[in-house]
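Here is my note on the model, as numbered points. Please read it with the structure open.

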Amino acid sequence: MQAPPRGRSRPTVPLPPHGTCAVAHGFRLPLWPDSGAAPPSVSALLRGAMAGPQVLKHRRTTLERAEKFLSGPGFPDCSLRGRLFGGTCPLVSLSCFQTPQRIPYDEAVRQEFRPAKVGDSFGPTWWTCWFKVELSIPREWVGKEVHLLWESDGEGMVWRDAQPVQGLTKEGEKTSYILTDNLKEAEPHSLTVYVEVACNGLFGAGKGSLIAPPDPDKKFTLHKAELVVFNRDVHELLVDFEILVDMAKFLGEENQRSFQMLYVANQMVNLLDVTDSSTFPAVRHRASSIFRQKNGESQHTIHAMGHCHIDSAWLWPYEESIRKCARSWVTVVRLMEKNPEFTFVCSQAQQFEWVRNWYPGLYAQIQDYAKEGRFIPVGGTWVEMDGNLPSGESMVRQFLQGQRFFQQQFGKLCLEFWLPDTFGYSAQLPQLMRGCGIRWFLTQKLSWSLVNTFPHSTFFWEGIDGSQVLTHFPPGNSYDLKGRVEEMLKTMNNNKDKGRVNHSAALFGFGDGGGGPTQKMLDRLKRMSDTDGLPRVQMSTPDHFFSMLEKEKTQLFTWTGELFLELHNGTYTTQAQIKKGNRECERILHDAEVLSSFALTQKNTFQYPSIKLQHLWRLLLLNQFHDVLPGSCIQLVVEDAMKYYAEIRSMGGLLIKDAVRSLFGELLLTGPETEESLLVLNTLPWERTEVISRTGAKTLGAIADGSVTMENGVIAAHLDSMGRVMSLYLVHSGRESVQDGHCANQFVIFDDVPLYWDAWDVMDYHLETRKPVTTLLKPLAIVLTGSLRGSVKFSLQISERSVITQEVILDAMCPYLRFLTQVDWNEAHRFLKVEFPLRVRSMNATYEIQFGHLQRPTHWNTSWDWARFEVWTHKWMDLSEHGFGVALLNDCKYGASVHKNVMSLSLLRAPKSPDATADIGPHEFTYAMMPHKGSFHEAGVIHYAYNLNFPLHTVPAVSAQCPAWSAFSVHSPAVVLETVKQAEDRLDGLVVRLYESHGSTVVTWLQTSLPVKEAINCDLLERPDPSSHLPLEEHGLKLSFTPFQVRSVLLILRQ
């Protein structure tokens, strides 16, 4: 095939009439009429081009010829891409002003602007630069598509007529704003727009690398700002060429279709004269003839959904995420105006709430498209939270707050849980999903696992209680595809369930830092809607996609238990203060709700603080976002998170005081505290016998031989001068818990240098660098002796910069030895743990998870076993053999491991990216060692772990006798009453949430002294089951549980 020489006149070929299209699976692609016949002039041109001698084609040179023609860096005069923009016109005026604040539009436009020009730099990092852009479109551009071309290093937003209209982000391939599709003579040619530019990129402002700490002094340059004519026909040709070339490349040399694409692309190069637009229709016709060749009926179907994963905070602060949402979503709205088949899915109720408050005009447009079923809220949670560390109740509140928001704002609940980027998934999630109206689950993060490849793409995921959800992992292993041929082929070929499932999801759009889909992505996918050689690609929705999967559910496998990510294990420990804040604030909100609920039932004048509690819960839920609670965020985010925790502590403490005052006002002491004047409040549903601390001086006493023995009639411990537990045994049986020749409470430190993801990863090879901490700074000394409490204290030198000080405490009648630990931590890439080698042998250890527990192996037999060298737990973990075991309790730690007979609790890390100050400074935490007879169920480990985390409240009170009062009790120790709160939709109702904690089938009684007149079963969203009223009997409510079942009951109060 030979192209006519350059400059030869060519026949003028009209473009296809407006509206001519071929429709396939929801896409509309401009093509020639369905007959497949080209207009006569085009046919003649094709015949002329094919009249030359046939040339034997070399695959590599032919492919590279097409690629260079497409991009043309070496031959810009001959490349197609260089013709994308036609005429250019400078702006009439460009001016700007800078501010360190993120201010609203109305305030910004009132500021004093100074002249600016292309090439100027702005900043520093996190500032905002507002540009006033005055422009005038040339009259000779009538009939043209005119863009404002804008390229800057920062993320931008175009404002027009006081409304946001377009996001501009170079990294997100959005560098122009369409001023007009087709300039009319009558429309205004002169106008003024504003461009709000954030002094940060799509991924923040890392100094030297993506996850490096932000460069505080970075400047952001404006590279282009001008008017251009956009040649839409060149854009369409570029996409045609790209699809054909990519099919030639990625279908493979053994594929006949690959060679067809290669030869067609070559013909198109021969036909096309980039300087003569009259050649374009013939070339487009040649491409469309290929795209009209359809697939067979058995071809795999890909359900494409626009997506824009926006981290609510990560390498940028929360406030910047608000603007990221607006920039991304307003761009989606613009795409929806031009692409009626386009659907977009969007999670995180918090982000919708941000846009509702800050961009009400945009939010109204989103609601309109949501009504059309095109802008689709998904996920059902307040944020895309971490999947491991939040408590069970926190996870319920994620769904409760998220689903209620979507119901109120969009009129429907989400049916799918959407969590594509979280670092593992708790085995209790399936039950929580089902209890919140959710049947389906989508993620892709397990594709990141370092060791083992997960065996399924579509399957049923079964939780520890037996609940199941239909689950899909998009086989493209991404939530930010770009709509390329290679990605669609990977989505089809990487499907792990070939032969059982013929449908896959593909999420496309720039993500993490926002950005979302582009017009080019949509145009690529349109060409792949039903093209022979490629999977079918159709725009879809989660409802339609999962409904198709359900038709094939009898073919699916079931995966039981946790979905453990074999990577990012360091996130169980990084940023210890955030994790401590999370655990403490979960406790504070629990106690505030319990005491406020009691006050509501006892005093008609008490107003349950529902609005304040919702505000505090939403702050806590926001901080559980999957880059905040795990600690994989920059310092600015850590500071924001700590402010929110401080607010929860402060306001939550006041709510507790208000409830106590309402309940016991006549007993409270307003004067100086006396020896007998303490009112003790227990917010847990079982009786407790504990030593209560009083303020008073502590005395240090020397120990003659450097060691000490502590005993309380239940356990006895022997400690050496460095505070190591040489022996810990049960007094009545004499059963020893510490391995012979070893010592427990041994601090150890490791080198901690991951391959890349610093705050995220701890690698298995860190275990090879173990070093015991043995430098004694202050030897063991007695702090307290007495019949109620004894304690000793010592200090160890970790390094020249870091010190551990620990008080070891034994209380009367207490079955565990408590370690109150303070660490002044100033390390770099080091990992501090504490080890407990035990005289216990078991193939499995037990770890608490949300509303239950699970077992993990203590051996490394298989790759699946040793990939779990570092795992997560909540308040306790246990290693038991028949008749005896040892539990390790904690008040704010999550990282842990049990290998063979050694239990290890992870304490502190010291990564330097993305926060160079991570974990540096003082820390305080408590853990406890509890040997026990029998199983951990029989020994009450679960209750004692709760006791450690929920200390008794002591309030100064008058000396008068006060009878004990109990609001609730549960007869079975297997059942935990987790939550008492006011019902969301009934002011005269309380919701109580209970769960079976042992893994047993049990029937129990819930007794209450509250004035309850009616009890109704409800789900986790507090929707009552009208057919499931529970009889109120003399013993209370009779409740039955299956293993690890979570139940909610609505209690209607008598007025």
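1. Five strands form an open sheet in the order E46-E47-E52-E49-E50, with antiparallel pairing. Strands (E, at least two residues) and helices (H or I, at least four) are DSSP runs, numbered from the N terminus. Two strands pair if DSSP finds at least two bridges between them. The edges are E46 and strand E50 (1024–1030), each of which pairs on one side only. On average, neighbouring strands of this sheet are turned by 30° against each other, direction ignored.

2. A word on the basis. This is a predicted model, where local features need pLDDT of at least 70, side-chain atom pairs count only at pLDDT 80 or more, and totals for chains, interfaces and linings use all residues. Residues are numbered from 1 along each chain as its sequence is written, and side-chain values use heavy atoms, with hydrogens and water left out.

3. Back to the sheet. Seven bridges pair E46 with E47 in the antiparallel sense. Thr979 has Arg993 in E47 as its bridge partner. Helix H10 packs on this sheet and touches E46 and E47. The direction of H10 makes about 40° with that of E46. Contact means heavy atoms within 4.5 Å. Axes are lines fitted to C-alpha atoms, for helices over the stretch in contact, and angles run from 0 to 180 degrees between N-to-C directions.

4. Which residue does Glu984 meet in a salt bridge? The partner is Arg404, at 3.7 Å, N to O. Glu984 sits in the loop between strand E46 (975–982) and strand E47 (989–996), while Arg404 lies in helix H10 (residues 392–410), 580 residues apart. A salt bridge here is a side-chain nitrogen of Lys or Arg within 4 Å of a carboxyl oxygen of Asp or Glu. By this rule the count comes to 56. Glu984 is partly exposed, with a relative accessible area of 29%. Buried means under 20% relative accessible area, exposed over 50%, and partly exposed in between (1.4 Å probe, protein chains only).

5. Glu562 and Arg856 form another salt bridge, with their closest N and O atoms 2.8 Å apart. This pair links distant parts of the chain: Glu562 is in the loop between strand E23 (558–560) and helix H15 (576–602), and Arg856 is in strand E37 (residues 852–857), 294 residues apart. Both Glu562 and Arg856 are buried.

6. Glu827 pairs with Arg801 in a salt bridge, at 3.3 Å between the closest N and O atoms. Glu827 is in the loop between strand E34 (817–825) and strand E35 (830–837). Arg801 is in the loop between strand E32 (789–797) and strand E33 (803–811). Glu827 is buried, with a relative accessible area of 2%, whereas Arg801 is partly exposed at 47%. Elsewhere, salt bridges that share partners join Arg102, Glu155, Glu196, Glu319, Glu320, Arg323, Lys324 and Arg327 into one network.

7. Now the six-stranded open sheet. Its order is E5-E4-E7-E12-E9-E10, with antiparallel pairing. Strand E5 (114–115) and strand E10 (163–168) each have a single partner strand, so one side of each is left without a neighbour in the sheet. Strand E7 (residues 128–136) and strand E12 (residues 190–198) are joined by nine antiparallel bridges. Tyr194 in E12 is the bridge partner of Lys132. Helix H7 (residues 318–338) packs on the sheet, touching E7, strand E9 (155–160), E10 and E12. The direction of H7 makes about 95° with that of E10.

8. Is strand E21 (residues 503–508) mostly covered or mostly open? E21 is mostly covered: six of its six residues are buried. His503, Ala505 and Leu507 point one way, and Ser504, Ala506 and Phe508 the other. Strand E14 (residues 301–307) runs parallel to E21, joined by six bridges. Met305 has Leu507 as its bridge partner in E21.

9. Last, Ser596 in helix H15. Ser596 is buried, with a relative accessible area of 0%. A polar atom of the Ser596 side chain lies 2.7 Å from the backbone oxygen of Ala592. Not counting residues up to four places away in sequence, Ser596 touches Phe606, Tyr608, Pro609, Leu655 and Ala659.

Notes
A polar contact is a pair of N or O atoms within 3.5 Å; within protein, one must be able to donate a hydrogen and the other to accept it, and residues adjacent in sequence count only if both atoms are side-chain atoms.
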